Amino acid sequence: MDAPYAIEMVNITKRFPGIIANDNITLQLKRGEIHALLGENGAGKSTLMSVLFGLYQAEEGVIKKDGKEVKINNPNDANDLGIGMVHQHFKLVQCFTVLENIILGVESTKNGILQMDEARAKVKALSEKYGLQVDPDAKIEDITVGMQQRTEILKMLFRDNEILIFDEPTAVLTPQEIEELMEIMKNLRAEGKSILFITHKLNEIKAVADRVTVLRRGKYIGTVDVANTSKEEMSRMMVGRDVNMVVDKTPAKPKDVILKVENMTVASKMHSNNAVKNVSFEVHEGEIVCIAGIDGNGQTEFVYGLTGMEPLVDGKITLCGEDITKESIRKRSKLLSHIPEDRHKHGLVLDYPLEYNMVLQRYYQPEFTSKAGFLKRGEIRAYSERLEKEFDVRSGQGPITIARAMSGGNQQKAIIAREVDKDHKLLVAVQPTRGLDVGAIEGVHKQLIAERDEGRAVLLISLELEEVMNVPDRILVMYEGEIVGELDPKKTTVEELGLYMAGAKRNVTIDANTAEIEPSEVVDTAARKEEA
Amino acid sequence: MVLLLQYTIIFASVLCLVALGGCFSEHSGVINLGLEGIMVMGALGGAVTMFLLPAGSAKIVIVLATTLAAILVGMLFSCLLAVACINFKADQTLIGTAMNLLATAAATVFVRAMNTSINPDNVSTSIQYIQPKKAFLKYFGKFEFNWFMLMAVILLIVSYIVLYKTRFGLRLMACGENPQAADSVGINVYKMRWAGVLISGFLGGLGGIVYITAGVSEWKFEMGVAGFGFLALAVMIFGQWKPTNIALAALLFGLFRALSNVYTGIPFLAAMNIPSTVYNMLPYIISLIVLAFTSKNSRAPKAEGIPYDKGMR
Amino acid sequence: MKEKKSLLKNPSFQSILTSLICIVLGLFIGFIVLLMINPAGAGVAIKTILLNFLTRASAAAQMKALGNTLAKTAPLLMCALSICFCYKVGLFNIGAPGQYEAGACIGLYAALAWHCNWVICLLLAAIAGAVVGSISGALKAYRNVNEVISGIMLNWIMLYLTNMVLSGKKVKDPASPYTIKLASGNKSALIPTAGLNKLFANNTTVTIAIPLAILFAILIWMILSKTKFGYELRATGFNKEAAKYAGMKEKQNIIVTLAIGGALAGIGAAFLFLTGYQEWSTTQTSVPGMGFNGIAATFLGGLHPIGTIFASFFIQSITDGGALINKSVYPSQISDLISSIIIYLCGFVLFFKFAINNWISKKDKGGPNVNDVPVKDDAAKAEGGEK
């Protein structure tokens, strides 16, 4: 036992075309510790874990197990080394029982017939030892998400894995289930298992982790002891202090209410909880409101509900004084422009030429379709050319370029051009700068501010802290489907914002228009328990 | 009445075998629309073997050789589906349809070429097997028992055990339900899908020879197998991809098929004067209705029809 | 060299090239089969299959044979258009044979029992096909039933239903299993030849159905590429999510598409049975091959309505050519074999195109071109960030 580390990843560098996903990262997991891996979206956590699991090969750096260098070329190698992972999206067969899922791949047989009794006994013993209550003969589709996760954990334990990776395990759990998971993780640690815990929730790190390694934008920031580090310090490590991007803008002059959302609740497709819970707020003419938050906290579902792509469970949406709660997407689009989160899935018909994509929201209007139902190709071409020029959309062959062949930045510019140019009172921009380079990002921000100055309302949904701090006039923080705080970007700090986004803080505003905000600590059961 | 029972059982055996074949393929994640074609090829393999075996061969030799030939040819033909859909990720509907057309055309060409080469004046597309067929039959009073009936029952039980009680079955179904999950625990999805398709070739080929020997002693290969492969597909859906239910569905649909053949011999049915086409139509109509009411929570394997790509995790 | 490469990059050229690859490979395998049966006449046989009517002795006989081929190309083209149209909207209309049967059923019944003229018969056939098509569509849109499965079931249901309906006293020839010949039953139901028959050595099966089918192909092409309706349908076919985002009505589009596909297949049946080329056999026990051959023509035509015209003619021509080869040596079904091999190979078209593009990008040396790699490559993954 001379090597103190169960697994070490030393100086790992992994590049993708145009991006260095992991830049010289070192991660050392001690035997019998819970080690958190902290970072924002896109910090490189998943890439690092994919390297450890053999899904990707790193260009530089080595992986050591118990001090000895090892090669991991595929997930089977990782399994052989005793590394197991609970994926964010569970790898379970829905119509199989818990037991069948656990033994899949490592079944024992006698005369060719599966021996379930032995396996059942082992699973029962493991569940008792670690406090993982789950019925081995229940079908996965009938049990809760929390139990499904326990099945995944049992899968690792059944294979006698020593190194357990949890990839954002709390994202899909209820608060009670989270608390139970924390207990389970502590039990596992007590039994000598080494745990890597990927998360961006500071309270959870405080509650269970011994040490934490922080990544930011693909770079290694540092490894610290959790006990000696405050949440504020961790938050600063995660988001960085140097928010030096300055966006030129005048103070907002909000006027009439354009969008009013009351008690909006939207169901989730991932789990049985609602993804958006009882959200209410207003957006005025001439202001940019940003919904900030970490990915997967209900922003996507909120936008689907707002734009009509998913029905609401409950609530009311008023746009320019008109109740649009039950209106079609087409009807809403008369007043609402929508820059979607996923430009490949929603924003573009990738196999259509650019010009056809430019009129995706307007093709049916008399400007582009004759009374007989024929497309006015000349007008479409001219319109596309005008937008390309105005918004500097570059492509190989101009309007006839197939959208698939354009660069990501230009695809995004085309969508923005289309949405901004069409008639609207409200612009919903979801992560409009995702995947763009610095110059393009600046252009998009200018566009949003121009929209505001022309008297429209802008609702920006963003995960990028710099964007959140600089572009909007008001910030609403969404955490687990709720608006947990309203902040003034001029008066708040990145650290404070980080605390809200990580669920460590919340304030309750009675009047959405009050600029004065009183932050107050939230009661977080897990955190409080740890301190007690 | 005995005739009705006999026809019902033999048709049910065919449907059961072929539907089980489809069941294995779909549980591995590959939709097999080429069952009809696989049956034709199996029928061809078996019929040619019976035709070529020297007269007076021992019964057991005839039964075994014919069965083996049908199975082998069926499996070989199913490789066309496996290569295209598993390795080259081709459209499974297109390939299945092509296989059905290909099988009938190839069988016809083969039989005609064979007939012509033996006797230049023989341009028929039929194979006769009156004598060798007797090897399969045993009479219990009026009831004509066919060894294939027993084979179908045995294979039904074996299928059930393989699917639900063995490591192979568990892994196979995992590949059809969630190939990513199977891959993550070290199962080779491509291999399992190949296995599933080959088993469908095995059972489909066998079903083919059972079908053409069921009622007649000569088969005209231009006709293919008259839609029995598609009927088996309906049986599989009606049986909700479960062997026991498939067996029951096969009995029901076999009964309809038998009725269309023999209803004139049953006084009270003949009196109702329902055209035989109605009995032929019923299985499809029932399947369609069942589909309409169960598709939203169908037990169809979730990943069927989607080519698996290791790169996409 | 540069020009050659840019030609290779052209998607239409790629489609034609891959279709030709399929044809050549299919013919090659067919040729090998012929060689295996009898090496002596294989060369002549494959030539006969390819040349079809051109092998006839006199010019008049050639024209007459060509007329026959054309007369059968028209219905085949309609079935192919039906499948092509639906495929462009992301639906595999394997139910075309069933819609074709419905068209034959109502078209012939109207002609023989109700003594309607050909226009009415044609319209009724189209409506019948559309109804069957929209059953599949409605099942897909509202009950989530895969259109392939419902299509297959409907193919058989319609086959038996048609057999039953056309066995009626008023429509069936009592002496044979076939329906009454239109020439004796109801001449007004025959599609007019408008003098076209004179061009083809007085072959009366050459009717205005042929130019009409070509017009339909052009019409379908126009609808798909030039109209608002086609714009919507194709967008739905390419990217259902984006279509929804743009406010298009997905469910309605599915039903309408399959209804139109059904109408086309129904008209296809009318184009065969209302020319007097052949009668419906009420004892047939297999789904007519016309609809399935339509699948071949669709894919061989590069999924383009205009390409489908040529592909349909090619398929029909080799089928007829097969009937002309030396029957005492070779089976005429050899051409069915060739066309089914071609359909099978069409399954590899995407792979062929991918291989061509790979080859180009390797030649270009500039690393993978965004144009050439599918979206699921690493670059897209990295750009998408962590998930």
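In this predicted model, chain B has 313 residues and a radius of gyration of 20 Å, which agrees with the value near 20 Å that a compact globule of that length would have. The C-alpha atoms of chain B fill a box of roughly 55 × 50 × 30 Å along the principal axes, and the chain is built from 13 helices and 4 strands. Buried residues account for 57% of chain B. Of the contacts in chain B between residues at least 6 apart in sequence, 79% join residues at least 24 apart.

Where chain B meets chain A, the contact draws 16 residues from chain B and 17 residues from chain A. On the side of chain B, the elements that give two or more residues are helix 7 (167-177) and helix 8 (179-184), and helix 7 of chain B gives the most, with 5 residues.

| Class of residue, chain B side | Number of residues |
|---|---|
| Nonpolar | 5 residues |
| Polar | 5 residues |

Helix 7 of chain C, residues 147-165, has 19 residues and reaches 25 Å from its first C-alpha to its last, close to the expected 27 Å. Because 18 of those 19 residues are buried, helix 7 of chain C is largely enclosed by the rest of the structure.

In helix 3 of chain C, residues 42-51, the buried residues are Ala42(C), Ala45(C), Ile46(C), Thr48(C) and Ile49(C). Seen down the axis of helix 3 of chain C, these residues fall within an arc of 155°, so they line one face of the helix. An α-helix has 3.6 residues a turn, so residues three or four places apart point the same way. The cover over the buried residues of helix 3 of chain C includes helix 2 (11-37), helix 15 (305-324) and helix 16 (334-346) of chain C. After helix 3 of chain C comes Asn52(C), whose phi is positive, near 50°.

Conventions: Residues are numbered from 1 along each chain as its sequence is written. Chains are lettered from A and ligands numbered from 1 in the order in which they are written. This is a predicted model: local features need pLDDT of at least 70, side-chain atom pairs count only at pLDDT 80 or more; totals for chains, interfaces and linings use all residues. The expected span of a helix is 1.5 Å times one less than its number of residues. A residue is buried if 20 or more other C-beta atoms lie within 10 Å of its own, exposed if 12 or fewer, and partly exposed in between; C-beta atoms are placed from the backbone. The radius of gyration is taken over C-alpha atoms; the globule rule is 2.2 Å times the number of residues to the power 0.38. Two residues are in contact if their C-beta atoms, placed from the backbone, lie within 7 Å. Ala, Val, Leu, Ile, Met, Phe, Trp, Tyr, Cys and Pro count as nonpolar, Asp, Glu, Lys and Arg as charged, and the others, Gly among them, as polar. The arc is that of the directions from the helix axis to the C-beta atoms.
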